[in-house]
Amino acid sequence: MTLLKVTGLNKRFGGVVAAKDVAFALEAGDMLAIIGPNGAGKSTTFNMVGGQLRPDSGQVLLAGQPISGLAPREVWRRGIGRTFQIAQTFVSMSVAENVQMALISWHDQIMSVGARAETRYRPEALDLLDLVGMRADADRPVRELAYGDVKRVELAIALASAPKLLLMDEPTAGMAPKERAQLMDITATIARQRKIGVLFTEHDMDAVFAHADRILVLVRGEIIADGKPDEVRSNARVKQVYLGDMGVAAAMRARRGRV
Ligand code: ADP
Ligand code: MG
């Protein structure tokens with residue numbers, strides 16, 4: 001069964017149409033990228049899937065079950081995870097403890113006074129850190145880590161709830177190109193191994209075209225193209241409306257250069 005099916009999603013903010021009849025599907029184990037200029041409605045779409053925003057109309061189905069209108073925590077409980085930045089209060093804790101906290105939260109264990117967080121779910125946390133290549137840093141405080149490594153810990157935290165679908169809204173923002181490629185590689189490998197669907201946005205077109213199984217192009221709230229990377233790359237409307245006549249990657253590099 002299709003993991004995520006979105007039909008006829010609409011969202012307006014006053015006079016702004018942030019999403020217009022947005023519809024797409026995502027299969028388990030696939031990486032689906034949403035690209036589009038700033039203000040295209042990417043985050044709005046993510047937030048309607050994740051429960052942060054209620055659509056004006058339309059449906060979101062997770063494995064056939066309607067989830068639109070549910071609160072974010074309920075959406076998360078049903079199997080949609082997302083990467084969040086590690087809160088400032090947790091940076092003094094170790095890498096492993098951060099992941100253990102996520103596991104405790106997922107397994108709904110209320111910590112009693114004096115409970116020793118450092119022993120709970122430790123093996124499970126280490127397994128997740130292994131998966132993202134951070135096992136060797138398990139006992140270092142997060143605050144000591146390089147930015148790209150923090151991002152990998154955040155991915156391990158998101159995986160603690162064993163999501164069926166992972167939402168990643170600009171996961172590599174602020175990262176160096178090499179770290180960025182690494183994070184996307186790890187994410188793609190884990191998605192395939194664990195049959196997790198990944199919905200992501202990303203400014204770096206090289207990363208998008210290298211890792212996405214399918215790409216949606218959103219312009220002013222509307223999907224103007226939906227297909228395999230090669231199809232999207234050669235789509236006339238995408239070139240015209242979004243990229244001009246430049247190559248995709250070159251156009252995005254030029255855009256970044258101007259910002
Ligand atoms: P993207 O993530 O593609 O850059 P967004 O989904 O954030 O785009 O925004 C789509 C449009 O909706 C933009 O015009 C933005 O200004 C508007 N918008 C997004 N969120 C809100 C909000 N909470 N209130 C009012 N307007 C919003
Ligand atoms: Mg956004």
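A polar contact is here a pair of N or O atoms within 3.5 Å; within protein, one must be able to donate a hydrogen and the other to accept it, and residues adjacent in sequence count only if both atoms are side-chain atoms. The model is predicted, so that local features need pLDDT of at least 70 and side-chain atom pairs count only at pLDDT 80 or more, while totals for chains, interfaces and linings use all residues. Residues are numbered from 1 along each chain as its sequence is written, ligands are numbered from 1 in the order in which they are written, and side-chain values use heavy atoms, with hydrogens and water left out.

**Exercise 1.** Determine which protein atoms lie at the oxygen atoms of ligand 1.

*Solution.* Begin with the side chain of K42, where an N or O atom is 2.8 Å from an oxygen atom of ligand 1. Turn next to the backbone: a polar atom of G39 is 2.7 Å from a ligand oxygen, and a polar backbone atom of S43 is 2.9 Å from one.

**Exercise 2.** Describe the shell around ligand 1 by residue and by class.

*Solution.* First list the residues with a heavy atom within 4 Å of the ligand; among them are F13, V16, P37, N38 and T44. Then sort the shell by class, which gives five nonpolar, five polar (Gly counts among these) and one charged residue. Finally, assign residues to DSSP runs (helices, H or I, of at least four residues; strands, E, of at least two): the largest share of the shell, three residues, comes from α1.
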